[in-house]
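Dear colleague,

I am passing on the structure below, followed by notes on what was found in it. Please read the notes with the coordinates open beside them.

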Amino acid sequence: MKVKRSIDEINAKIKSGKAVVYTAEEIIDMVDEKGAEKTAAEVDVVTTGTFGPMCSSGVFLNVGHPTPRIKLNEVYLNSVPAYAGIAAVDLYLGATALPHGDPANRNHPGDFIYGGGHVIEDLVAGKEIRMEASAYGTDCYPMKKVDTSFRLSEINEATLYNPRNAYQNYNVAVNLGPKTIYTYMGVLKTNMGNANYSSAGQLSPLFNDPLLKTIGIGTRIFLGGGIGYVAWHGTQHNPSAKKAENDTPVSPGATLALIGDLKQMEARWLRGLSFLGYGATMQVGMGVPIPILNEEIMRYCAVRDEDIKAPVVDYYRGYPYKEGGELALVSYSDLKSGSITVKGQQVPTASLSSYAGAREIAFTLKEWIESGRFTLTAPSALLPSVEAGIKLKALPQRDPDDKEVR
Amino acid sequence: MIKQKIVLRFPPHLVENPVIYHLIKDYDLMVNILRADINPKKEGRLMMELSGDELNYQRALEWLQEQGLRIMGLEQQIIWRSDRCTHCGACTVICPTEALAFNRPEMTVSFDEYKCVVCELCLRACPARAMETLVDNANSK
């Protein structure tokens, strides 16, 4: 490598207000003009961003003890159940949890107007949250019932912990069937009436560091409008996904588990969502700064939509029943143009992830770094990459009575 | 000649009146009904395109008002709450008239209320629920 730069050197420049920062979108033309080596010599950090629905998200809460104390057993926050199978007043509220008694899909397609993601949005917005809880009572925790309300500022901790965010690439969903379907990829009209995708493409964090050379455990990031960290690799992390020549995967690949203090986040970037006929979830805004340690990292950050491909998958039979493979590979520049061609048919496209939001996050992070209020961290450990040889598993479906098989 | 898309709102006690008959017979107007429904409160809503002689059209509107019906423009029926919109674009492939459109290269959603035909498909297709109707209609939840 001709360019060599350390995180410490970058941080020294950030603190003196001299760091050179560009977004992953801005950097593309610069690298095109000057080449990766020359640009790498000039640029310290490239910022990325994404703002899409991320179901595997939620928050750990410690609500404090009432008098007398309680060991929470069954807990509802604005009627949405929270998991209480940890210590007495610790809870986990998941983004897709539905209110007790929600009609769900009994009247198909269900509306899912309010769920865990909406409770989190309301919490961050500073709204009062009603908590109804029961317990069986113990000598040390005698209280058996509480019906109260609290605001985010009135509880001890609220730690956003998202087990799987920031998917490196995702399926483009179409419907080959004869009736409209309602999926986590939105409403899909019959006979490929539309194709829905969900990635910021060239601005998306993991497309800009496809082999996870800089992003690791402890990487400081933009999370929900505040500061967060990469906690671990995400669930279903698949660094072994097939790669294109530029090392970006051509199917869902790496993922991140993220953590951060909810109390310094903004409701704008943690939005409760209602997917018709599917469920409730949350739209998460996150962005990762990529330190330009050398020209190789610079080259990765210059990736453009034309060179990132996503698989088109049928959600009528293909995805749910694991039938057939991908129908086509299409580029994010085609997806963003508003129309793709699949098996000779023109299909209008729509995104579930907000590119305008991703852009704003990348610019916000850039501004934070330029103004010296955000410094970079070196990862304490890298995440499993290609070498780990991870293979995704399916759930074993055994007959518990069939002793022979086991 | 005049051609207008309007919405008539019926209070419960007028829901059963044959208003269209009079518009055609007494005012010689052409009526193209786009949509009609009655909500659980028994209030009626009739969306239609009226065309005909301008003087007749004005007289018809006066007559409708005398009957106690509220007349509104079609474009006032669906509200895009830009503060709730995350600009993902999911609505833009569901909207049949391109009233909800995706702007490139800004990559933002915009709503042209004059192109809206009040099909209301966007109300439930928007994950952030940024689309709203003015009133409680039979078909909205």
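Which residue of β8(A) does A:V75 stand opposite? Before the answer, two remarks on conventions. This is a predicted model, in which local features need pLDDT of at least 70 and side-chain atom pairs count only at pLDDT 80 or more, while totals for chains, interfaces and linings use all residues. Residues are numbered from 1 along each chain as its sequence is written, and chains are lettered from A and ligands numbered from 1 in the order in which they are written.

The residue opposite A:V75 is A:A133. The strands concerned are β5 (residues 74-77) and β8 (residues 129-134) of chain A, which pair in the antiparallel sense over 4 bridges; strands count as paired if DSSP finds at least two bridges between them, and the elements themselves are DSSP runs numbered from the N terminus, helices being H or I of at least four residues and strands E of at least two. Both belong to an open sheet of 4 strands in chain A, ordered β6-β5-β8-β9 with antiparallel pairing. Because β6 (80-82) and β9 (145-150) of chain A stand at the edges with a single partner strand each, one side of each is left without a neighbour in the sheet. From one strand to the next the twist averages 25°. Helix α4 (residues 116-124) of chain A packs on this sheet, where it touches β5, β6 and β8 of chain A, and its direction makes about 125° with that of β8(A) (axes are lines fitted to C-alpha atoms, for helices over the stretch in contact, with angles from 0 to 180 degrees between N-to-C directions).

Turning to the domains, the assignment for chain A, whose bounds come from an automatic or database source, gives domain 1 (7-54 + 165-383) and domain 2 (59-160). Their centres, taken over C-alpha atoms, are separated by 31 Å. Each of the two domains of chain A gives 25 residues to the contact, where residues count as touching if their C-beta atoms, placed from the backbone, lie within 7 Å. On the side of domain 1 of chain A that touches domain 2 of chain A, β19(A) supplies the largest share, 6 residues.

As for the two chains, their contact takes 23 residues from chain A and 18 residues from chain B. On the side of chain A that touches chain B, β19(A) again gives the most, with 4 residues.

With best regards
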